Amino acid sequence: MKRQDAEKIITEYLKPIFGFALKRCKSMQDAEDLSQEIVLKAFRALLAREDVADAGRFIWTVAHNALSNYYRDTAKSMVGVSIDEVSELIADPASLMDEDDDAEALRRLQTEIAYLSGLQRRIVIAYYFENRRQADIAEALGIPLGTVKWHLFEAKKELKRGMDTMRKASELKFNPVSFQSISVNGEIGTKAPGDILRSTLAQNICYCVRNKAQTVNEISEALGVSPVYVETEAAYLEENGFLQAQRDKYIVNFIISEASEELLLMQNDMYRKAAGLFANDLYDELTASGLPDSPGILCGQTDGAFSQKASEADRNFLLWTLIPFIAAGSGGKLLKESISFEEAATLRPDGGHNIVNAVVVPDQITLPADYVSMKNWCGPMWNTQDGLEMWQIDSEWSRREPARERNVSEEMRKTLALYEWEQKHSLSEFDYAWLAERGYLKTVRDDKGRLQSSWQLVALANAEIRRKLLAMGERIREKYRDDFAALKAPYEKAVLESVPAHLRKMKAYELQFVFYADGWFLLHCIVRLLENGKLREPTEDQRRALTTLIAPVI
């Protein structure tokens with residue numbers, strides 16, 4: 001075709017093409033891009049052909065094909081008209097520009113195509129919107145031709161049924177939940193659970209199936225979200241061990257606690273009373289024992305010259321580490337573990353072996369000002385290597401990168417190796433800098449330019465001092481054994497009743513450790529001692545090495 005003839009045709013259709021794109025794209029920018037693509041493709045094709053009898057039909061065929069590419073590239077479901085009308089539109093693409101299109105019907109059809117199975121969506125899009133032959137679709141998908149025909153027939157019926165049905169979304173569509181906290185009991189793999197469950201969609205999919213297994217379509221209806229997105233996200237959550245597949249349904253594979261105001265206050269009161277008994281006795285006995293001044297405890301947290309003597313270390317800093325360490329590590333003789341970790345924990349594809357807890361607090365709950373919330377808490381965390389253990393807690397008082405943003409296991413292994421080597425040898429300047437950056441070690445050069453170092457964390461020199469510290473905690477636990485049991489019993493009963501049946505063993509395992517290596521108990525111990533003035537807030541310089549200890553393994 002001559003250039004001037006092609007330009008005349010294109011000029012005539014510029015405005016209708018833009019209207020076509022604007023009506024079907026998700027944004028003005030996309031509409032501009034799509035209309036430019038249609039114009040360019042149509043113009044080039046007109047120049048190359050001499051057999052265009054119907055310019056309008058030709059233009060809208062090009063437009064239709066470009067629109068199909070746009071939806072495919074942006075992972076959108078096809079949208080346009082009822083499925084029964086699609087074959088006519090393919091024969092007469094110009095009718096796509098009818099002014100009386102029903103916008104609500106178009107929106108409903110988009111929704112219903114999304115509710116088809118993944119295979120049916122691909123077949124419907126390929127046949128009706130990409131103009132592909134059924135035999136070609138069968139070959140591309142590796143399925144029999146009869147299967148393609150059957151799916152097209154079933155898809156029509158399903159779309160008609162869906163268009164005639166009012167889908168009902170639950171309250172989650174308008175008021176989605178948000179996990180207040182996500183905690184991990186066990187070993188984290190290469191993917192932090194908090195990262196996998198970070199999105200609102202992931203959290204609400206899991207919340208939706210916390211009590212009962214549901215299909216992708218059922219989840220989608222409850223959330224008011226296209227099944228296309230739910231399908232992808234649910235598969236990702238299952239792949240990482242956070243959902244279990246039960247045929248065509250999913251159910252959650254970790255604990256989601258939706259505590260009532262009554263249960264939260266019961267928990268807070270229980271821990272407050274238990275911590276008041278234990279922490280105050282431990283503080284008094286520890287400070288009176290003289291153990292913090294023992295040569296078996298090493299710490300370089302001093303305001304003056306470098307020193308590793310506990311007697312010269314900041315006493316408050318020592319107690320910040322020793323008290324939660326004793327609270328977490330003592331009581332093993334009293335602990336009755338009837339459910340093993342292996343029975344309860346999930347082994348995840350990324351190498352993690354853990355129990356994940358997420359907490360949902362309804363918006364309408366109003367908690368008192370003295371309610372103790374877990375802020376930036378992670379731990380206790382520990383790692384052992386060559387007879388040494390590194391132990392740590394992250395909290396609102398420490399100043400470290402959150403555990404989900406650092407490889408804690410690798411950091412601990414490296415720190416232990418450097419600590420052991422540094423007892424007999426000098427480290428490289430790179431290693432000193434690495435430890436200093438994390439606050440575990442302080443360095444300075446003397447007047448002759450030689451590098452001096454001082455460990456800022458708490459270290460126990462031998463297994464005997466560790467035994468003495470933990471024995472102190474054992475005695476106090478034995479003293480309050482009956483009190484602890486009485487405090488725990490009503491809380492344990494209420495918690496198990498609030499957890500879905502398929503997760504009760506997982507929760508029962510964790511309840512065995514209430515008042516032991518229990519983050520809530522340790523947090524309440526610290527808070528009670530801060531409230532009564534026995535502990536003081538750490539200084540800024542102390543926060544990076546706070547609640548960090550290295551000790552021989554017993």
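Helix H13 (residues 261-289) packs against helix H21 (residues 519-531) at an angle of about 65°, with the axes 8 Å apart. This is a predicted model: local features need pLDDT of at least 70, side-chain atom pairs count only at pLDDT 80 or more, and totals for chains, interfaces and linings use all residues. Residues are numbered from 1 along each chain as its sequence is written, and side-chain values use heavy atoms, without hydrogens and water.

The H13–H21 crossing is right-handed (the near helix is turned clockwise from the far one by less than a right angle). Contact means heavy atoms within 4.5 Å. H13 contributes residues including Tyr271, Arg272, Phe278 and Tyr283, and H21 residues including Trp520, Phe521 and Arg528.

A second pair is H10 (residues 200-208) and H11 (residues 216-223), whose axes come within 10 Å and cross at roughly 115°. That makes H10 roughly perpendicular to H11 (65 to 115 degrees). H10 passes H11 in a right-handed crossing. Leu201, Asn204, Ile205 and Cys208 of H10 meet Ile219, Ala222 and Leu223 of H11.

The residues in each contact, by class:

| H10 with H11 | six residues | one residue | no residues |

Elsewhere, Asn354 lies in strand E8 (residues 353-360). Asn354 is buried, with a relative accessible area of 1% (buried means under 20%). A polar atom of the Asn354 side chain lies 2.9 Å from the backbone oxygen of Glu187. Not counting residues up to four places away in sequence, Asn354 touches residues including Val184, Ile188, Phe341 and Arg348.

Notes: Axes are lines fitted to C-alpha atoms, for helices over the stretch in contact, and angles run from 0 to 180 degrees between N-to-C directions. Helices (H or I, at least four residues) and strands (E, at least two) are DSSP runs, numbered from the N terminus. Angles under 35 degrees count as roughly parallel, over 145 as roughly antiparallel, 65 to 115 as roughly perpendicular and the rest as oblique. Ala, Val, Leu, Ile, Met, Phe, Trp, Tyr, Cys and Pro count as nonpolar, Asp, Glu, Lys and Arg as charged, and the others, Gly among them, as polar. Buried means under 20% relative accessible area, exposed over 50%, partly exposed in between (1.4 Å probe, protein chains only). A polar contact is a pair of N or O atoms within 3.5 Å; within protein, one must be able to donate a hydrogen and the other to accept it, and residues adjacent in sequence count only if both atoms are side-chain atoms.
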